[in-house]
Amino acid sequence: MVKIARWDHDGGTQSGFVDGGNCYALPAGQSVQTLLDAGLEETLALARQVVGSAAAVPLADVHLLAPLEPATIRDFVAFEEHVEGVRKSIDGVAGVVPEWYEAPTFYFTNPHTVTGTGEVIGIPAGCTDLDFETEVAAVVGRVPGSDGRNLGAEEAHRHIFGYTVLNDWSARDLQRREMKVSLGPCKGKDFANTLGPWIVTADELEDVHDAEGFLPISMAVEVNGEAIGQDLLSNMGWPFAELVAYASQDSVVRPGDVLGSGTCGSGCLAELWGRNGAQTPPPLKTGDVVRMTVKGIGTIENTVGTRREAVTRVPARTRPRNRVAAAAPSGGALR
């Protein structure tokens with residue numbers, strides 16, 4: 001199995017392929033984005049060439065980075081079990097809203113705070129309820145002749161270049177406040193997303209899909225070596241092809257876009273808090289190690305760092321609701 005990765009080695013960042021415990025760098029000037037822009041078929045041909053000719057560097061000697069620098073990140077909420085538990089935790093209400101069943105729902109998160117496996121994730125200022133979210137993400141690549149707009153599910157499936165593991169880190173106390181305004185989440189989510197350890201190209205999982213297009217592969221998460229949750233990726237309400245197609249409606253998907261599955265069932269603490277009626281297991285704290293494994297893709301592991309101590313919330317000013325600007329003072333002029 002050939003995997004696409006980015007890594008640091010001897011003080012420099014390289015992109016290329018991981019095969020058989022070794023890393024093989026792309027030619028100078030090429031990157032993971034080069035591969036996404038070329039498309040899956042050309043990438044597989046290049047992989048055969050590079051792995052057969054480039055110098056091998058042991059995987060154990062490199063530091064893996066996030067496997068790409070995403071153009072955008074759309075994160076869906078595609079697991080019914082997760083929605084049910086988190087709604088109870090955040091809103092205190094049981095059940096799933098009827099609108100969830102009508103169409104996929106996603107939000108855009110921050111592509112500039114993406115981290116890789118092995119990195120320390122600091123706790124954002126003001127957060128006491130740090131959480132993780134266990135997900136799989138599809139990475140979009142180029143399809144010759146397609147502009148990525150208004151795709152049907154079959155064409156959208158061809159745009160899936162590969163898959164990676166995603167941890168959508170979440171500050172639940174910040175998120176609860178934000179979502180009472182019927183918008184967001186924003187600062188509850190935008191401080192970190194972990195992708196990795198690499199991109200497994202879509203052809204490697206093509207034969208795993210079931211008759212409806214779902215991937216029945218196991219997802220699991222543990223904290224400090226203790227199992228927290230486990231699910232199957234096939235328990236999504238929609239297969240990835242339909243998520244990509246929905247994202248493209250009256251819009252566009254481009255090479256380098258990342259689309260998260262949303263959290264699997266029992267794949268985060270907030271869901272368990274909702275079901276247990278208490279913060280059991282407890283929120284993450286400094287020093288905790290979060291490890292996620294998806295069969296056929298790989299494992300990511302991160303340590304929780306210290307909390308940034310700062311006051312970031314700025315209260316609104318109470319303002320009059322004037323409809324006309326006040327007149328300038330006598331003898332004065334607006335400048």
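Which residues of α7 are buried? In this predicted model, the buried residues of α7 are Phe 240, Ala 241, Leu 243, Val 244, Ala 245, Ala 247 and Ser 248, where buried means under 20% relative accessible area, exposed over 50%, and partly exposed in between (1.4 Å probe, protein chains only). Because the model is predicted, local features need pLDDT of at least 70 and side-chain atom pairs count only at pLDDT 80 or more, whereas totals for chains, interfaces and linings use all residues. Residues are numbered from 1 along each chain as its sequence is written, and side-chain values use heavy atoms, with hydrogens and water left out.

Helix α7 covers residues 240-248, and seven of its nine residues are buried, so this helix is largely enclosed by the rest of the structure. Helices (H or I, at least four residues) and strands (E, at least two) are DSSP runs, numbered from the N terminus. The cover over the buried residues of α7 includes β6 (73-76), β7 (106-109), β11, α5 (153-158), β12 and β17 (258-260). Just after α7, Asp 250 has a positive phi of about 55°.

One of these covering elements, β12 (residues 160-168), is itself worth a visit. Nine of the nine residues of β12 are buried, so the strand is largely enclosed by the rest of the structure. Strand β11 (residues 134-140) runs antiparallel to β12 and is joined to it by seven bridges; two strands pair if DSSP finds at least two bridges between them. In this pairing, Ala 137 stands opposite Thr 164. Strand β14 (residues 193-201) is also antiparallel to β12, through six bridges, and Leu 166 faces Leu 195 there.

Finally, two helices pack together. Helix α3 (residues 80-90) and helix α8 (residues 269-276) meet at an angle of about 65°, with their axes 7 Å apart. Axes are lines fitted to C-alpha atoms, for helices over the stretch in contact, and angles run from 0 to 180 degrees between N-to-C directions. The two helices are therefore roughly perpendicular to each other (65 to 115 degrees; under 35 is roughly parallel, over 145 roughly antiparallel and the rest oblique). Contact, meaning heavy atoms within 4.5 Å, involves residues including Val 86 of α3 and Trp 273 of α8.
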